[in-house]
Amino acid sequence: MTDEEMELYLEAGKIAKKILNEGAGMVKVGASILDVVETVEGKILDTGAEIAFPLNLSRNEDAAHDTASPGDERVFAGGDLVKLDLGVAVEGMIADTALSVNLGGHEDLVAASRAALDRAITLVHPGVTTGEIGAVIQAEIEERGFQPVSNLTGHGLAPYSIHTDPTIPNVGVAGGAVLEEGMAIAIEPFATTGSGRVGDHSRIEIYQQLAVKPARLPAAKRILEQIRGRRGMPFSRRWLPQDKLEIALSTLVRGGGVYGYPVLHDVPGSFVSQAEHTLIVTADGCIVTTR
Ligand code: CO
């Protein structure tokens, strides 16, 4: 990693940290989900940075990949457990960070994912394996009486790319990748009262362009036009022209150029917490860009 890239990662991290905390302060019983999401995304754009992915705002048993839908009328309720997962890109260098807001009764669950993250970070240095990191995350969460979500993972970061190698599991696995100096990674433990595995909802709010493929349908062409500047970073259904949106999106997904990320959920009635930081692996440890 060059010094200039490091500076950009640090700048993205600083912006992400500040805005994530401001967003968390807006999560209150009765507040509008759409309002929180639009305000947070607007704050990112106001800094001159890019939104690396739509603000993920997932509640209760939903673990990830939800965000406000167009015209969303949902409001926060007492007892909600709310995950905010935010991405900022500065000249392509990404900060990816998340926290959980407890609207009643989830103190221990919120503490579990945060403590697992803190413990994992203390382990990060060149030579440690992702399997060893997963093992401490799993141990910390299980010691606190919860389950880690085994099929959600942390990940590497690369310019304009949110998910690259290595994969960083939230459970102990044999072997795994060896961390090296100069890697940018995001570690994101999820703790749950449910089954420890998430499945797909039918609802999809967040999409990503995987390949440039032509479309004939005018509404689909309009979407491609609008997302071209994203350089492959994910986008929200809410950001798009609403005319013929559903048919246009499904045409693009069927054509294979666009992928839809279903909302991911644990079993109904369960609760999932999340904590996440972005780190740069250094010669003797790591720098946490989002703390
Ligand atoms: Co992430």
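Reader: What volume does the second largest pocket have?
Author: About 260 Å³, where a volume is the space filled by probe spheres set on grid points joined across faces, edges and corners. This is a predicted model, with residues numbered from 1 along each chain as its sequence is written. Local features need pLDDT of at least 70 and side-chain atom pairs pLDDT 80 or more, totals for chains, interfaces and linings use all residues, and side-chain values use heavy atoms, without hydrogens and water.

Reader: How do you know which class each residue in the lining of the second largest pocket belongs to?
Author: By residue type: Ala, Val, Leu, Ile, Met, Phe, Trp, Tyr, Cys and Pro are nonpolar, Asp, Glu, Lys and Arg are charged, and the others, Gly among them, are polar. This lining divides into six nonpolar, six polar and five charged residues.

Reader: Where does the largest pocket lie, and how do you know?
Author: Between domain 1 (3-198 + 268-288) and domain 2 (205-263), because both give residues to its lining. Those bounds come from an automatic or database domain assignment. The largest pocket has a volume of about 540 Å³. Its lining takes in 24 residues, with His65, Leu152, His163, Tyr261 and Leu264 nearest the centre. β1 (50-59), β7 (161-168), β10 (199-209) and β12 (258-265) each supply two or more of them.

Reader: What makes β1 and β3 paired strands?
Author: DSSP has to find at least two bridges between two strands. Seven bridges join β1 to β3 (residues 81-90), so the pair qualifies. The two run antiparallel, and Leu84 in β3 is the bridge partner of Leu57.

Reader: Why are β1 and β4 called edge strands?
Author: The open, antiparallel sheet has the order β1-β3-β4. β1 and β4 each have a single partner strand, so one side of each lacks a neighbour in the sheet. On average, neighbouring strands here are turned by 10° against each other, direction ignored. Helix α1 packs on this sheet, touching β3 and β4, at about 20° to β4. Helix α2 (residues 33-46) also packs on it, touching β1 and β3, at about 160° to β1. Such angles run from 0 to 180 degrees between N-to-C directions of lines fitted to C-alpha atoms, for helices over the stretch in contact.

Reader: What makes β10 and β11 a pair?
Author: Two bridges join antiparallel β10 and β11, and Ile206 stands opposite Ser236 in β11. Helix α6 (residues 245-254) packs on their sheet, touching β10, β11 and β12, at about 105° to β12. That open sheet has four antiparallel strands, in the order β2-β12-β10-β11.

Reader: Which peptide bond is cis, and how do you know?
Author: The one from Asp165 to Pro166, with omega near -5°; Pro166 sits in strand β7.

Notes: 1 Å grid on protein atoms, 1.4 Å probe; cavity = no way out; pocket = protein on both sides within 12 Å on 5 of 7 lines; lining within 4 Å. Contact = heavy atoms within 4.5 Å.
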